[in-house]
Amino acid sequence: MLFEAESRRGYHIVPPGPHLHDHEGQRSLDALVQAVGNCPYVVASGSLPSGLPDDFYAAVARRIREAGSRLVLDTSRPALRGALTEGVYLLRCNRTEAESLTGRPVRDFDDARALNEHLRTTGAAEIAVTTLGELGALCSTGDGHTELYAPPLPGEPLSDAGAGDAMVAALLTQLAAGEDPVSASALGVAAAAAAMTPSTEPFDLDVARSLRSQVMTRFQTDARRRGV
């Protein structure tokens, strides 16, 4: 991540990773299953290395489920579509990733609700969390849809680099501690906000916790529907 002080613009530089062969992908799967042990959750994050099939995360989801754990997925592009054929425990999408699935803009909570309903009813995800930038996020479970409104930022947001990772990290920390998905997602929204200020450094946990009290929630009770 580069931040240019004069223009106050940020640039994400993502070089390609190594090329992996099929046998290396299989060895990675085997190593992952051996490492799971008694862990209740496994996180798969980021794009796939070249050489691996688009449905590699689907194989990960299947192996993790067979091992008795739950997969949390945070990816994009073909790897995202390929994973949804198997189904995951929790899927986090940002706006860009959500739009790649719907084929149209995802601007607000209603758009996110349409996507999350589709993901849940098709079995792609048991829990769907779609983030909406400055608006916050929508967390959808079997109980319904909860809007989570982003808190006011304590300073000028210089970069959103790492905001999604911060959200997933905070969310999973709370899930592992026994919190429900909505409460866990609320801390995730706060952590994402904390990660956007003041720079590209990792978010401060105390700041995230202080912002958590400012994350307002609203449970959607109306019957509005939109097709996907």
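Predicted model: local features only at pLDDT ≥ 70, side-chain atom pairs only at ≥ 80, totals over all residues.
Biologist: Why are α7 and α8 called oblique to each other?

Modeller: Their axes come within 8 Å and cross at roughly 125°. Axes are lines fitted to C-alpha atoms over the stretch in contact, with angles from 0 to 180 degrees between N-to-C directions. Under 35 is roughly parallel, over 145 roughly antiparallel, 65 to 115 roughly perpendicular and the rest oblique. Therefore α7 and α8 are oblique to each other.

Biologist: Which residues of α7 and α8 meet?

Modeller: S183, A186, L187, A190, A191, A193 and A194 of α7 meet V207, A208, R209, L211 and R212 of α8, contact being heavy atoms within 4.5 Å. By class, nine residues of this contact are nonpolar, one is polar and two are charged. (Nonpolar: Ala, Val, Leu, Ile, Met, Phe, Trp, Tyr, Cys, Pro; charged: Asp, Glu, Lys, Arg; polar: the others, Gly among them.)

Biologist: How do α6 and α7 pack?

Modeller: Helix α6 (residues 163–176) packs on α7 at an angle of about 145°, with the axes 7 Å apart. The crossing of α6 and α7 is right-handed. From α6, the contact uses A163, A166, M167, A170, L171, Q174 and L175, and from α7 it includes P181, A184, L187 and A195. The contact of α6 with α7 has 13 nonpolar, three polar and no charged residues.

Biologist: Why does R107 count as exposed?

Modeller: R107 has 57% relative accessibility and therefore counts as exposed (exposed is over 50% relative accessible area, buried under 20%, partly exposed in between; 1.4 Å probe, protein chains only). R107 sits in the loop between α4 (95–102) and α5 (109–121). Beyond residues up to four places away in sequence, R107 touches R95 and L135.

Biologist: Why are R77 and P78 put in the classes they have?

Modeller: R77 is exposed, since its relative accessible area is 57%, whereas P78 is partly exposed because its value is 45%. Helix α3 holds R77 as well as P78. R77 takes a positive phi of about 55° although it is not a glycine.

Biologist: Which residues of α2 are buried, and what covers them?

Modeller: F56, Y57, A58, A59, V60, A61 and I64 are buried in α2. Their cover includes α1 (22–36), β3 (41–45), β4 (70–74), α3 (77–83) and β5 (88–93).

Biologist: What makes a set of residues a nonpolar core?

Modeller: A core joins buried Ala, Val, Leu, Ile, Met, Phe, Trp, Tyr and Cys residues through side-chain atoms within 4.5 Å. The largest has 34 residues, and Y57, L71, L91 and L119 have the most contacts inside it. Helix α2 (residues 56–66) gives the most to this core, with six residues. A second, separate core of 30 residues includes A137, A166, V168 and L172.

Technical notes: Residues numbered from 1 in each chain as written. Heavy atoms only, no water. Helix = DSSP H or I, 4+ residues; strand = E, 2+ residues; numbered from the N terminus. Left-handed = near helix turned anticlockwise from the far one by under 90°.
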